[in-house]
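The tour goes stop by stop.

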Amino acid sequence: MTTTALILAATDLVAAVLLSAIYFQRHRRRDLVVAFLGVNVGVLAVATVLGTAEVALGLGLGLFGVLSIIRLRSSEITQREVAYYFAALAIGLICGLPPVDLSIPLLLVGLIVAVLAVADHPRVLSRARHQTVHLDRAIADETELRAELGRLLGGEVTGVTVQQLDLVDDTTLVDVRYRVLAAPTAPAAVREAVDATPGQRRTTDASFADLIGGTR
């Protein structure tokens, strides 16, 4: 291997570890960290072989097409995890193929890691939420449906897609996008009074337990 190839291989390993560390720090799934690293190193090895062997271009593209559609059937992965998965594939592919200029693959690898680090940051669109809600009422009116979802979810509904309206069983299955509203902060005097009065704190706890249907 040439010096350029060794530099790119080292860059690939560092970028893959950084990418996996960013993912694990935010989502805490060890099994996918193993998958990201394994896929990255595997793609790097295959791309290196394809770059040095006398093989047809169609064979190489077909091979990576097969690699790109592989999915583990043991559990589903979210759209965020798909993004990390393909980032690991792309980094391995970029660093495995022989480059014309060393600066270009280094820049592209850095760009992939930086974009995921920023786009998946907890503070980016932190109030945006997405849920599938199964209501115990059949609500055909969109205005009423939005009001009911906003009341249940405690946020501002920004998008609603009714997936199923069952008039027989009186249920509604809806895909909802909403924005969480800022929680109101109690005045300092009220907080101090509650903290200073144990009996009042117990009354508040009991009310909350009654609200959620629990027993003390």
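Helices here are DSSP runs of H or I with at least four residues, strands are runs of E with at least two, and both are numbered from the N terminus.

A note before moving on. This is a predicted model, in which local features need pLDDT of at least 70, side-chain atom pairs count only at pLDDT 80 or more, and totals for chains, interfaces and linings use all residues. Residues are numbered from 1 along each chain as its sequence is written, and side-chain values use heavy atoms, leaving out hydrogens and water.

Now select residues 3-27, helix H1. Its 25 residues reach 36 Å from first C-alpha to last. That is close to the expected 36 Å, taken as 1.5 Å times one less than the number of residues. Color the buried positions (under 20% relative accessible area, 1.4 Å probe, protein chains only). Among them are Leu8, Asp12, Leu19 and Tyr23.

The axes of H1 and H5, lines fitted to C-alpha atoms over the stretch in contact, come within 10 Å and cross at roughly 0° on a scale from 0 to 180 degrees between N-to-C directions. H1 is therefore roughly parallel to H5 (angles under 35 degrees). Show the contacts (heavy atoms within 4.5 Å). From H1, the residues include Ala15 and Ile22; from H5, Val109 and Leu116.

Buried or exposed? Aspartate 120 counts as buried because its relative accessibility is 10%. Display Arg26, His27, Arg80 and Tyr84: aspartate 120 touches these, not counting residues up to four places away in sequence.

Technical notes
Buried means under 20% relative accessible area, exposed over 50%, partly exposed in between (1.4 Å probe, protein chains only). Angles under 35 degrees count as roughly parallel, over 145 as roughly antiparallel, 65 to 115 as roughly perpendicular and the rest as oblique.
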